Amino acid sequence: MLLITSIIASVLTIIFIKLSFAVIGLRRKNKVGLGNGGHEDLERAIRAQGNFAEYVPFGIILIACLELNGAPWWLVATPGVTLIIGRLIHAIGINEPPPDFSKRVLGMKFTFSTLITLVAINLGWALYKLFLI
């Protein structure tokens, strides 16, 4: 069972839905069916949603692999929480008008460090389990 992954994936999906509704709302407000129609706020919302959709699946897959391979709950939950934090900070930062990119950069640092850590933990855990058996 993927109990921890289910919780993490559910929280991330709620965030994705919120980002999607923001895009839909701005499309309706600005009467734009495709693209950004030259509206900077819509472009930021589109990229916040798109960037989220580009990075989150890798994290969920790696978190699920850990849980399926029997890693301790805290080893599964900790990177899940940091992924959620990173994606939230990034979404807030990308939706703020430039030139202050500090939250966006911080969110990406959280995201990349989490993904890199998940790769290392997965490889380490897999090798540990492989040689343990």
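Ile17 sits in helix α1, which spans residues 3-30, helices here being DSSP runs of H or I with at least four residues, numbered from the N terminus. The model is predicted, so local features need pLDDT of at least 70 and side-chain atom pairs count only at pLDDT 80 or more, while totals for chains, interfaces and linings use all residues. Residues are numbered from 1 along each chain as its sequence is written, and side-chain values use heavy atoms, with hydrogens and water left out.

- Ile17 is partly exposed at a relative accessible area of 40%, where buried means under 20%, exposed over 50% and partly exposed in between (1.4 Å probe, protein chains only).
- Together with Phe21 and Ile24, Ile17 forms a nonpolar surface patch with about 290 Å² of accessible area; patches take residues with over 30% relative accessible area and no salt bridge, joining like charges within 9 Å and nonpolar side chains (Val, Leu, Ile, Met, Phe, Trp, Tyr) within 5 Å, and the areas come from the Shrake-Rupley method with a 1.4 Å probe, only the protein chains shown counting as cover for residues.
- Arg27 also lies in helix α1 and is partly exposed, with a relative accessible area of 21%.
- Leaving aside neighbours within four places in sequence, Arg27 is in contact (heavy atoms within 4.5 Å) with Val32, Gly33, Leu34, Gly35, Leu42 and Ile46.
- Between Arg27 and His39, 12 residues apart in sequence, the C-alpha to C-alpha distance is 9.5 Å.

**Salt bridges**

- The whole structure holds 3 salt bridges, each defined by a side-chain nitrogen of Lys or Arg within 4 Å of a carboxyl oxygen of Asp or Glu.
- Arg44 and Glu40 form a salt bridge at 2.8 Å, N to O, and because they are 4 residues apart in helix α2 (residues 40-68), about one helical turn separates them; Arg44 is buried at 15% relative accessible area, whereas Glu40 is partly exposed at 48%.
- In the salt bridge of Glu54 with Arg47, the closest N and O atoms are 3.1 Å apart, with Glu54 partly exposed at 40% relative accessibility and Arg47 partly exposed at 30%.
- Lys103 and Glu96 meet through their side chains at 3.0 Å, N to O, in a salt bridge; Lys103 is partly exposed at 37% relative accessibility, and Glu96 is partly exposed at 25%.

**Aromatic pairs**

- The count comes to 3 aromatic pairs, the rings of Phe, Tyr and Trp (its six-membered ring) pairing if their centres lie within 6.5 Å, with planes under 30 degrees apart stacked, over 60 edge-to-face and the rest tilted.
- Trp125 and Tyr128 form a tilted pair, 5.2 Å centre to centre with 40° between the planes.
- Both Trp125 and Tyr128 lie in helix α4 (residues 102-132), 3 residues apart, about one turn of the helix; Trp125 counts as buried at 16% relative accessibility, whereas Tyr128 is partly exposed at 45%.

Methods: Helix = DSSP H or I, 4+ residues; strand = E, 2+ residues; numbered from the N terminus.
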